[in-house]
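Keep the viewer open as you read.

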Amino acid sequence: MLHALCDGRRRAVLQLLRNRTEPISDEEVAIHLAATDAEKRLLDVTESELAGWHVSLRQTHLPVLEEAGLIDWDAEVNAVSISTHPALQNPKLERIIETDGIDWDGILGALVHRRRRIALSVLADYDTALSRVALARAIVEREPGTETADADPVEDCCAALHHVHLPKLAAVGLASYDARSGAVSYRGHPLIENAEWFDLHLTETPRAVLSVAEPSQDIWRLDGRANVIEHCRALCEYADEELFLLYTDEDLVEAACLRCLQDAVDRGVDVYVGTQTQAIRDRVREQVPDVTLWEPQRDWMNMPPEREKVGRLLFADREAIMLGTLSKHNDHGIQNETAITGVGEDNALVMLVRELLGSRVDHLDEQSADFLEGIPF
């Protein structure tokens, strides 16, 4: 999967196909990519430019994408379309495909090799640098099948780290490596917020709870604050007419969230923010004055103390939903956030929230005391 994504031309193919509802010919794909590459109109693409792209698509890029399961390609009838692979709903993959102007080639290329992903996962657990030998030992413990009769696996791993893997990770800014002292540390990257990136689970589908249950492609789970925030941004951009939000925690209303709300307002979207927290209302009122604010009359979002609590809810155009929950604070005072999402008028989660809201969402600007008492939340 990472190999399929680490080439910008293949990501461009996926980006093009995601916006098509019907299969298109590989020649049409080639024309679009050639025009984008040459910064030309489609009609101005020359035959030689088209031929070059067409050959590379058929011989290299389409086979790789098809093998990864990301596209459906029938070479005989010359038809290409996006597949129904569950990974295409993964927020990380969506961000990779849709974000231009970023060196994803280098970053994903560095993550293709499993040993490098394991190395980063180990380094991310430490606040201080590790020696190259200590890192190699930790990798060998996690790697299956590294034992050999004729060589020391730790020594072999240490040599491979020095000559191959650590220079590649350092080149893309994911790790720092002092070849002289052998000290290695995790640097992180502004595009990769947490160590979950090192194990993307792009090929996994949700596991069934019961033996008779089937994996759902309608309701998805997001783990981690960064992923939840990214999906919030996507929902705010998704909304064309109405954006309905609820917040319980002031820390969730970050500056980036407020910018997304202002962008929605500027596009003519009706934005409603509900919260029982006065500080949130004051902040939203000050920075996004055109938002309609209201106060839920029932503390429905607080679960029992021993359970997680609902943190935020976003409802875009009454057909795309995200419901986030906050864990208890850990020893460092940090709360983890997870969320479930759904999209489509017939999606079960969307239908549930739409029924709970009822027709009252149409009248949130009528904020009389009697009306507020009648809001189901």
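Helix α10 gives the most to the lining of the largest pocket, with 7 residues. This is a predicted model, where local features need pLDDT of at least 70, side-chain atom pairs count only at pLDDT 80 or more, and totals for chains, interfaces and linings use all residues. Residues are numbered from 1 along each chain as its sequence is written, and side-chain values use heavy atoms, with hydrogens and water left out.

That pocket has a volume of about 790 Å³. The elements giving two or more residues to its lining are tabulated here.

| Element | Residues |
|---|---|
| α5 | 91-98 |
| β6 | 219-223 |
| α10 | 225-238 |
| β11 | 320-326 |
| β12 | 337-343 |

In total 24 residues line the pocket, and Arg18, Gln89, Glu94, His231 and Val343 lie nearest its centre. By type, the lining splits into 9 nonpolar, 7 polar and 8 charged residues. Nonpolar covers Ala, Val, Leu, Ile, Met, Phe, Trp, Tyr, Cys and Pro, charged covers Asp, Glu, Lys and Arg, and the others, Gly among them, are polar.

A word on terms: a pocket is an open set of points on a 1 Å grid over the protein atoms alone, where a 1.4 Å probe fits, with protein on both sides within 12 Å along at least five of seven lines; lining residues have an atom within 4 Å of a point. The volume is the space filled by probe spheres set on the points.

Now for a hairpin. Strand β1 (residues 71-74) puts Ile71 and Trp73 on its covered face, with Asp72 and Asp74 on the uncovered one. β1 runs antiparallel to β2 (residues 79-82), joined by 4 bridges (DSSP needs at least two for strands to pair). Ile71 stands opposite Ile82 in β2. There are 4 residues between the strands, and Asn78 takes a positive phi near 60°.

Beyond its neighbours within four places in sequence, His61 is in contact (heavy atoms within 4.5 Å) with Asp7, Arg9, Arg10 and Ser56.

Methods: Buried means under 20% relative accessible area, exposed over 50%, partly exposed in between (1.4 Å probe, protein chains only).
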